Amino acid sequence: MTARKEPMEAAPDFDRAVAEAIDSKTKPVGSLGRLESLAAQLARVQQTLAPKMERCKLTVFAGDHGIASAGVSAFPPEVTRQMLLNFLAGGAAANVMARALGVDFAVVDAGVTGLPVEHPRLVSRRIAAGTLNSLEQPAMSAEQCESALRAGSEAGGDGAHEAVCFGEMGIGNTSSASLVAAKILGLPIDRLVGSGTGLDAVGLDRKRRVLDAAAARTSAELDPSAALREYGGFESVMLAGAMLGAAQAGKLVLVDGFIATVSALAAARLSPEIMGNLVFAHRSAETGHSVVLEALGARPLLELDLRLGEGTGALLAWPLVRAAAAMLRDMASFESAGVSERK
């Protein structure tokens, strides 16, 4: 894994240099709005006034959840495996968007139910054939949780991409994410439960009752490792590990929707310093997403009413990241362009 770059000068001096570089561009001060703060973040991540954002990779982690057997999703559990095959065939929304945006794509089997899928483009990091049912017992052992974090960290730190994004696929994963977030934040589960894959009112009521019962199994608040172990999915734990590994390697991490943001919450509670590497791509339509964003003090770039997952929202933020880097790196200053500044 690549080591994080050492700052080239004291942080206050560097931050001042970044602000001066942005303000000296041929534009009114602040006129590019949040693109300017994004550019400053890229400069800090790469420790340069000429950041490059040329290569991005999306990795989708797939895994099944034992709690799906309790009827918390509008789709049956076998859809996880079917969608894994769809990713490998290049037919999912994430595939289509990644191709359109020139983003590299990988899919990881973190723990899909059934026999292992054999495919030349599939990365296998299987922990087990799905988690246990967290309604009745911990979703995974401590050893499995550590293995998933470690596998994710290796995936996140690998490669020469300046930016990475991570998606997930797993029927029941909004239930898992709601439970993990509720336990880390010490909130009632009802604050975080939404319709997920599109439950109707009856299905949503059933989901709430199941998650209430699952939440009652443990204390109101858990440390992030315990929350992941008790209620996480192999794919979402790997996603948290991937964010940790990517940040340690000095990469920018584009954070997707509700499930990815809950993984970011767990990762940031484990290593708070990674927050400087995280760009929150969008605010999804899933109920709990705004709650978790607020807890992180995060303001996402986009609001498009997405609730798909797979990393699709993170992909849509990539052009903004590239534009912000180009602005800071290539845009002329008043002095270099011979343009008079405002009096």
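Tutor: The discussion below concerns aromatic pairs. This is a predicted model, in which local features need pLDDT of at least 70, side-chain atom pairs count only at pLDDT 80 or more, and totals for chains, interfaces and linings use all residues. Residues are numbered from 1 along each chain as its sequence is written, and side-chain values use heavy atoms, with hydrogens and water left out.

Student: How is an aromatic pair described?

Tutor: A pair of aromatic rings is described by the distance of the centres and the angle of the planes. Rings of Phe, Tyr and Trp (its six-membered ring) pair if their centres lie within 6.5 Å; planes under 30 degrees apart count as stacked, over 60 as edge-to-face and the rest as tilted.

Student: How many aromatic pairs does a search of the whole structure find?

Tutor: The search finds two. In one, F61 and F166 are tilted, at 6.2 Å centre to centre and 40° between the planes. F61 belongs to strand β1 (residues 56–63) and F166 to strand β4, 105 residues apart; strands (E, at least two residues) and helices (H or I, at least four) are DSSP runs, numbered from the N terminus.

Student: Why is the pair of F87 and F105 tilted?

Tutor: Its ring centres are 6.1 Å apart and its planes lie at 35°, so the pair is tilted. F87 lies in helix α3 (residues 79–89) and F105 in strand β2 (residues 104–111), so the pair ties together parts 18 residues apart in sequence.

Student: Is F105 buried, partly exposed or exposed?

Tutor: F105 is partly exposed, with a relative accessible area of 27%. Buried means under 20% relative accessible area, exposed over 50%, and partly exposed in between (1.4 Å probe, protein chains only). F87 counts as buried at 2% relative accessibility.
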